[in-house]
Amino acid sequence: MTDATPVDLRSDRPHSARMYDYFLGGKDNYNVDREAAEQVLQWWPGARRAARVNRAFMHRAIRALTQEGITQFLDVGTGIPTQPNLHEVAQQINPAARVVYVDNDPIVLSHARALLVSAPEGHTTYIHADATSPESILNSEQLTRGLDLSKPVAVSLVALLHFITDETLARRIVSTLTEALVPGSYLVMTHVSADFDPPAIGQLSRIYNEQGVPLRPRSSEEFDQLFLGYDLLEPGIVPAHRWRPDEEEPPAAWDAEASLYAAVARK
């Protein structure tokens, strides 16, 4: 990838990564993304809360796994870089941590250089690939150069699978990626759910799908099925902000505001 690489940013229609950036307060989005995001906020004001608790969960989960000795991470569905990025969280604890980022969004590709500034002891790389073709990720030269699959790897599928509406495909993405990993590897995931506020999340799904961004919330039971073959770490499947919070227990109102499950599991 060079500075001259042509990138079609597809600014004529909203994209989930740029809408997420808007919810986080970022500036890497277009009018079409902001308009779609504002429609979401009319029906689900908690979208900003969900984006923030999702990001905070990722930070806590990566810190916890790095402290457990995990040094390799595969982050699929990376999104637009927002500091601190996954490698920055991991390398703050272990500078030798190695991270491979994966996304198929052109705007993420255009910002990928921000993901490649690794600590000298560690390594980061970026693969422009689609999660719906997990084999292309596993067969990538960047992956084999970046990670040693004979040793444990933590796979991050954070805020990704609710954009995969086909149940069989969602399970195949998880199983294909994780079957390539050795025991002692980890799976980190979050997922939008209608369990907490069915009317609001129903409207959320309608808006996203009308904008051409497929969205499929899943129940806690459906989310649990994506972890087959893995042992959930404590506290199991919980609202994202309740997974090992750094400070005091978050308010009960956040459950419905965020409507987001999270879990970390070990192979």
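The second largest pocket is lined by 13 residues, of which R60, H241, P245, P250 and W254 lie nearest its centre. This is a predicted model: local features need pLDDT of at least 70, side-chain atom pairs count only at pLDDT 80 or more, and totals for chains, interfaces and linings use all residues. Residues are numbered from 1 along each chain as its sequence is written, and side-chain values use heavy atoms, with hydrogens and water left out.

**Second largest pocket**
- A pocket is an open set of points on a 1 Å grid over the protein atoms alone, where a 1.4 Å probe fits, with protein on both sides within 12 Å along at least five of seven lines; lining residues have an atom within 4 Å of a point.
- Its volume, the space filled by probe spheres set on the points, is about 210 Å³.
- Helix α3 supplies the largest share of the lining, four residues.
- The lining divides into six nonpolar, one polar and six charged residues (Ala, Val, Leu, Ile, Met, Phe, Trp, Tyr, Cys and Pro count as nonpolar, Asp, Glu, Lys and Arg as charged, and the others, Gly among them, as polar).

**Packing of α3 and α4**
- Helix α3 (residues 47-67) packs against helix α4 (residues 86-93) at an angle of about 35 degrees, and their axes are 9 Å apart; axes are lines fitted to C-alpha atoms over the stretch in contact, and angles run from 0 to 180 degrees between N-to-C directions.
- On the α3 side the contact (heavy atoms within 4.5 Å) is made by M58, H59, I62, R63, T66 and Q67, and on the α4 side by L86, V89, A90 and I93.
- By class, this contact has six nonpolar, three polar and one charged residues.

**Overall fold**
- The protein has eleven helices and eight strands, taken as DSSP runs numbered from the N terminus (helices H or I, at least four residues; strands E, at least two).
- The radius of gyration, taken over C-alpha atoms, is 17 Å, close to the 18 Å that the globule rule (2.2 Å times the number of residues to the power 0.38) gives for 267 residues, so the protein is as compact as a globular protein of that length.
- Along the principal axes, the C-alpha atoms fill a box of roughly 45 × 45 × 35 Å.

**Backbone geometry**
- Q83 and P84 are joined by a cis peptide bond with omega of about -5 degrees, and P84 lies in the loop between β1 (72-76) and α4.
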